[in-house]
Amino acid sequence: MTAQIRAAHFHAADGVEDWRSLYHLVSAHFPTGSLAKGIALVDEIGRLTDETQQQYLSVDLRGTGVTVSLTRRDITLARRISAAAKELDIRADPTAVQLINITLDALASADVLPFWRALLGYRQIGDDYLFDPARRGPGFGLQPMDEERPQRSRMHLDIAVPHDQAEARIAAALAAGGRLVSDAHAPMWWVLADAEGNEACVATWVGRD
């Protein structure tokens, strides 16, 4: 198995225009219009994917489309899946993918993470991140803080979106009554808040590894 590659390397490759980096994954959405056509695409994906790749592959089949997520090192597989979709006359919609994480500010991550792991039935990666082993729920991460902030919510959403959709998503949120809290880390992430001050981050791969 080859090592993980940078998002910029993935996007520079030929034949992966359907795909977008979302944190550590790349995802593509293929609108099918019918369950039968979606099943046909999933059958092709199964034929193209070997056992090693299958443990990292995520396929979400719905009546209206198929969403596929891979690791960034699977450039060849991403290219083959796109080609298979085109053979079935299915065109990807790169704007229709996103990845949502729930993030909790914590003073002592080691003390609270076991509680959330047990409560959610999730598995742990590293010292501060939990994931759903069934690949259905959002990720759950802990973000360290130096002191209590009693007047501020300690839990927020992180929404990873395609890098070429971030500005439009932010503009829509601002037009819907939100406000920009900080763009100090843009284009990696922007911090937004609703009218009551509840925060969320919009993130892209740009500026990351």
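1. Which residue in E11 is the bridge partner of Arg 179? The partner is Ala 193. This is a predicted model, where local features need pLDDT of at least 70, side-chain atom pairs count only at pLDDT 80 or more, and totals for chains, interfaces and linings use all residues. Residues are numbered from 1 along each chain as its sequence is written, and side-chain values use heavy atoms, without hydrogens and water.

2. Strand E10 covers residues 179-182 and strand E11 covers residues 189-193. They run antiparallel and are joined by three bridges. Strands pair when DSSP finds at least two bridges between them. Helices (H or I, at least four residues) and strands (E, at least two) are DSSP runs, numbered from the N terminus. E10 and E11 form a hairpin, with six residues between them.

3. The largest nonpolar core has 20 residues. Such a core is a set of buried (under 20% relative accessible area, 1.4 Å probe, protein chains only) Ala, Val, Leu, Ile, Met, Phe, Trp, Tyr and Cys residues joined through side-chain atoms within 4.5 Å. Phe 10, Trp 19, Phe 30, Val 68, Leu 70 and Ile 81 touch the most other members. Strands E2 (25-31) and E4 (65-71) and helices H2 (35-48) and H4 (75-87) each supply at least two residues of this core. H4 gives the most, with five.

4. Take Ile 81. Leaving out residues up to four places away in sequence, Ile 81 touches Trp 19, Phe 30, Ile 45, Leu 48, Val 68 and Leu 70. Contact means heavy atoms within 4.5 Å.

5. Ile 39 lies in helix H2. Its relative accessible area is 38%, so Ile 39 is partly exposed, between the 20% limit for buried and the 50% limit for exposed.
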